[in-house]
Structure formats: C-alpha cells, structure tokens
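Subject: Handing over the structure

Dear colleague,

I am passing this structure on to you, together with some notes on what turned up when I went through it. Please look at the sequence and the model first, and then read on.

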Amino acid sequence: MANSKYEYVKSFEEEDEVMLPNLIVVRIEGLNFRRFSDVHKFEKPNDEKALNLMNTCAAAILEEYPDIVFSYGFRDEYSFVLKKKSAFYKRRASKILSVVVSLFSSVYVTKWKDYFPQMELRFPPSFQSRIITCASMEVLQAYLTWRQTDCHVQNQCNTCLWMLIKCGKSEREAQEVLKGTGKQEKNELLFQQFGINYKKLPPMFRQGSCVLRRAKRFKLEVEDIDKYKDGETLVKSPGRNVILVHSGNIASRSFWSQHSCLLKELGSFEEDINKVKPEYVKSFEFERKLLPSTWIVVRIDGRHFHGFSEEHEFEKPNDGQALNLMNSCAVAVMEEFKDVVFSYGVSDEFSFVLKRDSQFHDRHASGIVSAIVSFFSSMYVMKWKGFFSQKGLKNPPPSFDGRAVCYPSKEILRDYLAWRQVDCHINNQYNTCFWMLVKSGKSKSEAQDYLKGTRAQEKSELLVQQFGIDYQTLPAMFRQGSSVFWGEEDPTESYSDGPDGKSWKKVVVEHCNIIEQSFWEAHPNILDEEH
C-alpha cells in the first residue's frame, strides 16, 4: 500500500469480526425477485429449472470456499454455514457476506443459459446478504428449523394461491379465499378442488434443498434420483465434492448423524425440536447500522484478480478493455442505485460514495454492501462479451469483496478519494516499470530487485532512458483512475428516455485529478448536500 499523508482515513474503518465460538451463517436472498421471476416468466408457484439454478450456485460456493460445509435453500434464498473454527477472511462479517453473495451472483449469470437456453437474461439478478451469529449448536438448529418451516408454509400458501389464480380468480380474490386458513384447510383445498395431494409434490418444492460436502468415505454411485435414508432424496451430485439432498427435517439429529462432515466440522444436536419463534432467531443477526449524517463509502475489491487477470491474459501493466469493463459496471451501479453520487475506480477496485442523508437499506451495512457487490458482479459477467468478444469467461467467475466506511465530513471524504488516487499513481508507475523490465528480458524477481528503493523521479527517468516512455503521456485512465458521476444537465440536449423532451442528466466517466480543488469547484453538485 502506498504511503501518503492521506492514509489517516484508514482509521475510520471499523472492525466487524465475528468472535469465536459463534458459528457463522451467511443468508442471501433475492432483491426484487418477484419482478425478476415475472419478467423471465418463471413457472408458478415453483420453477424447477430456476430452483436447480440456485442449487448449482450453492454448489459452486461450497466448491470454491472449503470453509463452508453446509447450505440450505428454497425459492430465492440460500443459507451457508461455515465450519465451527473457520478463520475465513479473519471472520470479518462484511468480507464474508460480500464474497459469498458476489460469487453466487456471478455463477447465477454464468449458468443461466444452462437452464434457460432459449431465454435471454433481461436484467442482472441481484441478492442481499447478512450474517447470523449462532452462539451454539442449539441456535443453529433453531435457525435451520425456522427456515425449513418457512419453506413449507410459503410453498403450501403459494401452491394454493396459484392454483386459484390459474382457475380464474384474481390475485386479490385468491388471497381472500386463503385468509385465515390453516395447514389442514389448505391441504383439503388442494385435494378437493384440484386433486392435488400436497405431500406428493416434489420434495424440492416442499422441503427445500441442502448442498453439503461429500464425506471422504462416500463411495455410492449416484443416479439421477435415488431414495436414501429415512425418506431423504439424494440427487445427482452438482459438483466433485458436494452432494444435493432433499430431507423433511434438516435440523433433526438423525439427518445430522448421517453426514459425518457435519458432525466433524460443526458438532451434533442434543435433541430434536419442532417449533421455534422467529424473533428468537432474528435476535442473532449480526447487523451494523451506519452512523447517520455521514458519507458512506462502499469499496469493492476483486478477489484473487491477479490470478484472474493471468488466466484471461489481460495486457500488462494495464488492460484498457478490462478497465473499461469495470467502469461500465460502475456506471450501471450509479444508474441502478440513485443514492450513489460518485464513484472512483482503479485496477480491480471501485469506491462508491452514497449521499450523506442516504437511507438506502436503512443504512444497514450488510444490505448496502451486498446489494452493490451483487449487482456489480452480475453486471461484470453480463457485460464481459461486450469487451472481450473473443475470450470466454473461465471458471470460477469473478468475485469481489466489499466493506462500508463512514466519513463525517466532505473534507475527510475527499481525503479518502485523494488517498485512492495517490495509490493509483504510485502503483501504476511501479507496475509500468516492472512490466517493461520483465518484457525486456528480466525475471520478475530481478525486476523487483531492480526497482527496490527507487523513487518516483527515478522511475520516470528509467522509463524515458531505457524504454523511451514519458510517463506523463500514458493514458490518463492508467495514471489517474476513473471518476464516475452524474454529469450536469444540458438544456440544449434531450435524451430519448426523457419525458416531454426534457433534458436529463447522465452518468459520465472522466479521468482527471480529483485531489485538486479545481475538480470539485467545476462539479459542485456532486457533494452538494442540498442538491
């Protein structure tokens, strides 16, 4: 990390470590998925292909992150349980929830065509995530019982609702018919009016899906569907090291004891439970509400992007197409989330500034970070072909981690942005020298030794004398990063999406010096709290 007078801004970062012996659960759920399912014409009340796509995403999470040993999902949500003594991302809540939701979103887009080959993805799927800290195995058991009970209640209600709608009732009329009905009454309605035995509906609809690690001793050759232990259904393995199971009670002692990896990495349940109070489980949510009247910055960073860039053969030291892809995703974020007033990016990172009085996700850090990271990740995969038409996106797809930091004043916020731009310059100048030396024949270690202890002026002279490169003439995007913000309204222009021919602002990308006062004087509305 570059040393500069602006580094004091790091002191505003807060620790959000989940302390041992708490168990960590990451719960993700779709954002605006009712609209997403309507636009993409998902089958009601359950779309088997959409559910299997969710299961595939969950399997990818377990394949990529060995610390996650169990997951359970239904409809548009999934819960991931980390092993008891996990040190994943040093147990920092924001990092954990963001990398999980990011990879889940990327895989969802990547695998879409496998399940919906005839349907284009109309807009990016996005999810939010949160951390639940289970103080004991009993709390974890209660949490899983709550989620599976919710699966059953929601599915039974939705099955009745959509059967009534399909037979001619409006949604409001169907809701009135079901108002106040109990479990038995819904079962009778389905059987008497539609000839449906609820208990014979596919287990995935009624019970949800579990993706867990395959035990090393597990030798069974799995068929497409195979009956397995106490009425569970073991479905064809979605990955090399994981299995997909449908079970009537995932929080029972018998289910847990049949999977040795769960006993080893998490522990056992002392006794079975039937009912839990949701309020009790919700009290264990790990939530941080950000300070009011402060500028929120969400900074996202590419996860393992050094390897990702090598795998996809990005140009060194800078790949203009890769940077423009990042910029395009940042533009999409600002267009989607109106509370974001400015963003700044360099290399594989972007910082998004939310307006001072933002109430986005009620200023809950997990909701803000996960929504932005998820949307950015989906857009990155969706836009990939537009920038790399000749390169396929390889597995695993890209993912990002994120964090939210509050800054109390515009001055400190600007110092944060200055810190990131200073870092951009120092790192880019070093990388430019490093890769020119490597391309001239030196090994990477020789290039590192050659540059060790050199100052900015010496690096500039090296580029000129050895390679004929004037550093100041390199593209501004490489040297200064990218600033993304809403441009000023131009009364002489009108845009096609503007009603009645009125002028509309649009998001612009510029590569300029944001440390100097002149930029902010030229664009006073960016941080104008009254605007």
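Is Arg288 buried or exposed? Before the answer, please keep in mind that this is a predicted model. With a relative accessible area of 18%, Arg288 falls under the 20% limit and therefore counts as buried. Its salt-bridge partner is Glu14, and the closest N and O atoms of the two are 3.6 Å apart. This pair links distant parts of the chain, since Glu14 sits in the segment before strand E1 (23–30) and Arg288 in the loop between strand E9 (285–286) and strand E10 (295–302), 274 residues apart. Glu14, for its part, has a relative accessible area of 48% and is partly exposed.

Salt bridges

Asp301 and Arg403 are both buried; the relative accessibility of Asp301 is 12%, while Arg299 counts as buried at 8%. Elsewhere, a network of salt bridges links Arg27, Glu29, Glu77, Arg130, Arg147, Asp150 and Glu285.

The domain assignment of the protein chain gives domain 1, made up of 18–149 + 203–283, and domain 2, made up of 295–489 + 504–526. Taken over C-alpha atoms, the centres of domain 1 and domain 2 are separated by 33 Å. How many residues of each domain take part in the contact between them? On the side of domain 1 there are 28 residues, and these are in contact with 24 residues of domain 2. The size of an interface is often given as the accessible area lost when the parts come together. Domain 1 and domain 2 bury about 2000 Å² between them, and 60% of this area is on carbon and sulfur atoms.

Turning to the polar side of the interface, eleven residue pairs are found in polar contact across domain 1 and domain 2, and the count of salt bridges between the two domains is two. On the side of domain 1 that touches domain 2, the elements that give two or more residues are helix H3 (93–115) and strand E4 (127–134). The largest share of that side, 14 residues, comes from H3. A further salt bridge to look at in the model joins Asp401 and Lys95, with the closest N and O atoms 3.1 Å apart.

Buried charges without a salt bridge

Which side chain of opposite charge is nearest to Asp319, a residue that is buried yet has no salt bridge? For Asp319 that side chain is Lys391, at 4.9 Å, whereas a salt bridge would need the nitrogen and the carboxyl oxygen to be within 4 Å. Asp319 lies in the loop between helix H11 (305–311) and helix H12 (320–336). Polar atoms of the Asp319 side chain lie 2.9 Å from the backbone nitrogen of Glu315 and 3.0 Å from the backbone nitrogen of Ala322. Not counting residues up to four places away in sequence, Asp319 touches Phe314 and Phe388.

Lys186, placed in helix H6 (residues 183–194), is likewise buried and has no salt bridge, with Glu185 as the nearest side chain of opposite charge at 6.6 Å. When residues up to four places away in sequence are set aside, Lys186 touches Gln156, Cys157, Cys160 and Thr181.

A histidine in a loop

Finally, His361 is found in the loop between strand E12 (349–354) and helix H13 (365–387), and at 23% relative accessibility it counts as partly exposed. Leaving aside neighbours within four places in sequence, His361 is in contact with Leu31, Gln128, Gly367, Ile368 and Ala371. His361 and Trp146 are 215 residues apart in sequence, and the distance between them in space is 24 Å, C-alpha to C-alpha.

With best wishes

Note on methods: Residues are numbered from 1 along each chain as its sequence is written. This is a predicted model: local features need pLDDT of at least 70, side-chain atom pairs count only at pLDDT 80 or more; totals for chains, interfaces and linings use all residues. Side-chain values use heavy atoms; hydrogens and water are left out. Helices (H or I, at least four residues) and strands (E, at least two) are DSSP runs, numbered from the N terminus. Buried means under 20% relative accessible area, exposed over 50%, partly exposed in between (1.4 Å probe, protein chains only). Lys and Arg count as positive and Asp and Glu as negative; His and the chain ends are not counted. Contact means heavy atoms within 4.5 Å. Domain bounds come from an automatic or database domain assignment. Buried area is the accessible area (1.4 Å probe) that two parts lose on being put together, summed over both. A polar contact is a pair of N or O atoms within 3.5 Å; within protein, one must be able to donate a hydrogen and the other to accept it, and residues adjacent in sequence count only if both atoms are side-chain atoms.
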